[in-house]
Amino acid sequence: MSGNWEAQFADAPDILKSAPDQKTVVQAGPVVIGNGGFVTMAGPCSVETERQLMETAECVAAAGARILRGGAFKPRSSPYAFQGLGLDGLRLLARARAATGLAVVTEVMAAADAPVVAEYADILQIGSRSMENYALLEAAAHTGRPILLKRGMVATVADLLRSAQCIVSHGNPNVILCERGIRTFDTATRNTFDVAAIVVLQQIARLPVIADPSHAAGRRQFVPALARTAVAAGADGLIVEVHPHPDQAWSDGEQSLSFAEFDTMMADLAPWCELRACCGCALETVA
Ligand code: PEP
Ligand code: MN
C-alpha cells in the first residue's frame, strides 16, 4: 500500500480521529458504550413469542449482558421465511426492558418505520443489507437515537465509514460500528470474520466498534472463539444471538447459543475483558 493509505477514508472526515485518544462515547438508555468498558448485547435473532423473549432477556441479563437484541422487522433472504412480528415485536421488547432493565437494540428496515422503532428501542440497528440505504440512514439519524451500523457484507472499511459519515452529517454523532463478517470465497463459515477491520477501525475511527460473531460464524460452535478474538482485537462490545431452544428458532438457529452456552461464553470472556481493560488503550494507540 502506498503512503497515501489514509486517502481512502477521506470521505469520512467526522468519523476519523483527529487525535489518537479521541473517542465518541455513546449513551444508550442506562448503558455507556465506548468508554473503555466492554458491553455485550444478546438475544434472539427474531422476537417470536413473549415467553421466548422474556426467558432470553432474563438469561442474558443474569449472565452480564446489558443490552437485549431481537429483530421485530426482519430482512429475510426468502420472501416465504418469517418476516418478524413488527409492532407487536417492538411492544414485547419494551416489556422485556421494563422487566429486566436491559436496554433494547432492534433493526429498522424502512425509513418510514424509523420513528416508531425509535419510540420503543434505545438503539436503532441498521442491518448489513441496509448499510447503503441512504434514505434509511437519514431517517434513522433524525430520530436522535444511537445507531448500530452493521458493515455491509460486500462493503469495505471505507464504505462503512462513508455510511457512518452520512448518519453523522445528518446531526447524529452517536454511531456504533459493527463488524459482522464479509462475503469471501470461503464457505466454512457463513461470512468471513474480518478481525483486522476491528483493529483498523479502533485506530482510525473515533466511534465505538463492536463485533457480531454470530452472523460471522453462522455456526454456534465457532461463536465463543470469535468473541474472544474480538475482545483481544480491542472491540468495545459484542452482539450475540441467544435462544432458549436454538434448534427450534424461527431464524438463525444454527448460529444461536443456548442459555448454557451463553453463560459459559460470558464466564470464559471475563478474564479476557479484564485484560482488555488493562491494555486495550495501548492496543488502540500503538501506531
Ligand atoms: C441480525 O442481526 O439478525 C441480522 C439480520 O444481521 P445482519 O444485518 O448482520 O445480517
Ligand atoms: Mn440473525
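## Contacts of ligand 1

A polar contact is a pair of N or O atoms within 3.5 Å. In this predicted model, an oxygen atom of ligand 1 lies 2.8 Å from a side-chain N or O atom of Arg129, another such distance, to the side chain of Lys150, is 2.9 Å, and a polar side-chain atom of Lys74 is 3.0 Å from an oxygen atom of the ligand. Taken alone, ligand 1 exposes 290 Å², of which the protein buries 97%, with accessible areas coming from the Shrake-Rupley method with a 1.4 Å probe.

The shell around ligand 1 divides into 2 nonpolar, 4 polar and 6 charged residues, where Asp, Glu, Lys and Arg count as charged.

## The manganese ion

The manganese ion (ligand 2) is coordinated by Cys45 (SG), His215 (NE2), Glu241 (OE) and Asp252 (OD), at 2.1 to 2.4 Å; donors are N, O and S atoms within 2.8 Å of the metal (3.2 Å for Na, K and Ca). Because Glu241 lies in strand E10 (residues 237–241) and Asp252 in the loop between E10 and helix H9 (259–285), this pair ties together parts 11 residues apart in sequence; helices (at least four residues) and strands (at least two) are DSSP runs.

## Basis of the values

Residues are numbered from 1 along each chain as its sequence is written, while chains are lettered from A and ligands numbered from 1 in the order in which they are written. Local features need pLDDT of at least 70, side-chain atom pairs count only at pLDDT 80 or more, and totals for chains, interfaces and linings use all residues, while side-chain values use heavy atoms, leaving out hydrogens and water.

Key. Polar contact = N/O pair within 3.5 Å; in protein donor to acceptor, adjacent residues only side chain to side chain.
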